[in-house]
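Please look through the model below before reading my points.

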Amino acid sequence: MSLETSHNLGQGFLKYYCRTELNLYYTPGSPPCRSVLLTAKALGLELNLKTVDLFNNEHMKPEFLKLNPQHSIPTLQIGEFVMWESRAIIVYLVQAYGEGDNPLFPKDKKKQARINQTMQFDLGTLYPVFQQQYYPWLFNKQLKTKDKEQKLHNALGFLETFLGSNDWVAGDSMTLADMALVASISTFEVAGVDLKSHEKVSKWLQRCKTTMKGYKDANQNGVERFKTLVDNKLANSVAQKEQGIDVGEIQEHDIVLVTNYEVLKATKILIRAAIGEEYSEMLNQLKTAMEAIIN
C-alpha cells in the first residue's frame, strides 16, 4: 500500500468516526423534511432524528426558538452549528459529507446552477400553489377552487417541460433537485392531485420510488402520515354529507373577502367621484351604515 493511499484511508477513517452528531429536528409528514432524509440516505449519513410536534406548538417552545428563531422545520444542528431551510441543508450535506465529485450536486458550476434553479422552482412556484389549494382545505375547512387547481396543473406542466427527454429533473442523472421535488410530488399524489395528464412527471415519480436509496423509510413513511390527514378529512366530509350538511366539493373561483373598513373607503371614493345623483342617496346610506358598524 502506498503512503498516499494509506494517508487517504486514514483521513476517511477520521472523517467517518470523528463526525459530530447530526441532529435533525423534523416532522415525518413534512415534504421539506423528507428531502433531507432522502439526501442523508443517499450519502449514507445517520441522523439523530428529533420529532417536533407542530400541532402541539413544540416549534414555539423557548428551547427550539433558541435554536431557530424562525421556528421552522427541518432544522439541522451539528454541534454549535445550526441551519434551516431544507434546500440549503441538502446542499450543505453533499458539500460537507459527499465523496469526490458527487453527482447529487456536482462541482461543475453550470450543473449546480441548473439544480439550484429547479429547486427554487419547487420552492417559489410549484409547492406554493399546492399549499394555497390544499392546506386551507385540509386544515381550515375551506373549499378547493378550480382556479387554484388549474394553477397547480400549470406548474406541473412546467415540470413536464423541464423533464423533456431526461429521466431526471435537472439533467441526465439523479440530483438534489430530484430529492426536493419527489418529496413534493409524492405528497401531491396522496392529496388527490390528478397526475395522469402529466405523463413524464408520473413516470419520473415511479422511477424515484424504485431507484432512490431508502425511499420507503425516508419518504414513503412520511407520505403515509400526510395521507392519513387527507383520508381523515375526506371521511369527515362523507360523514357530514350523510348528516345532510352541505360541505361542498370545489368552487368555481376564489372568493375575495374585504373588510368593513375597505367597503367604507370604497364608498367614500364613489361619493367623491360623483357618479350620478341616482346613486348618491344610496351611497350616503351605505356610508352611514358602515360608519355605524365600524364605530
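The numbered points that follow take these topics in turn.

1. The model is predicted: local features need pLDDT of at least 70, side-chain atom pairs count only at pLDDT 80 or more, and totals for chains, interfaces and linings use all residues. Residues are numbered from 1 along each chain as its sequence is written, and side-chain values use heavy atoms, with hydrogens and water left out.

2. The largest pocket has a volume of about 740 Å³. Of its 27 lining residues, Ser-30, Pro-31, Leu-54, Ile-73 and Tyr-135 are the closest to its centre. On a 1 Å grid over the protein atoms alone, a pocket is an open set of points with protein on both sides within 12 Å along at least five of seven lines, a cavity is a set where a 1.4 Å probe fits but cannot get out, and lining residues have an atom within 4 Å of a point. Points are joined across faces, edges and corners, and a volume is the space filled by probe spheres set on them.

3. α5 (109-139) gives the most to the pocket lining, with 7 residues. Helices (H or I, at least four residues) and strands (E, at least two) are DSSP runs, numbered from the N terminus. The lining divides into 15 nonpolar, 7 polar and 5 charged residues; Ala, Val, Leu, Ile, Met, Phe, Trp, Tyr, Cys and Pro count as nonpolar, Asp, Glu, Lys and Arg as charged, and the others, Gly among them, as polar.

4. There is 1 cavity of 30 Å³ or more. The elements giving two or more residues to the lining of the largest cavity are α2, α4, α5 and α7. About 50 Å³ of space lies in this cavity, and its lining includes Asp-122, Ala-180 and Ser-184.

5. Helix α7 (residues 176-191) has 15 of its 16 residues buried (under 20% relative accessible area; exposed is over 50%, partly exposed in between; 1.4 Å probe, protein chains only), so the rest of the structure largely encloses α7. A kink of about 25 degrees is centred on Val-182, the bend being the angle between axes fitted to the seven residues ending there and the seven starting there. Just after α7, Gly-192 takes a positive phi of about 105 degrees.

6. Strands β3 (residues 75-78) and β4 (residues 81-84) pair in the antiparallel sense over 4 bridges; pairing needs at least two DSSP bridges. Their hairpin has 2 residues between the strands, and Gly-79 in the turn has a positive phi of about 65 degrees.

7. Gly-164 is in the loop between α6 (146-163) and α7, and is partly exposed at 29% relative accessibility. The C-alpha atoms of Gly-164 and Lys-200, 36 residues apart along the chain, are separated by 7.9 Å.
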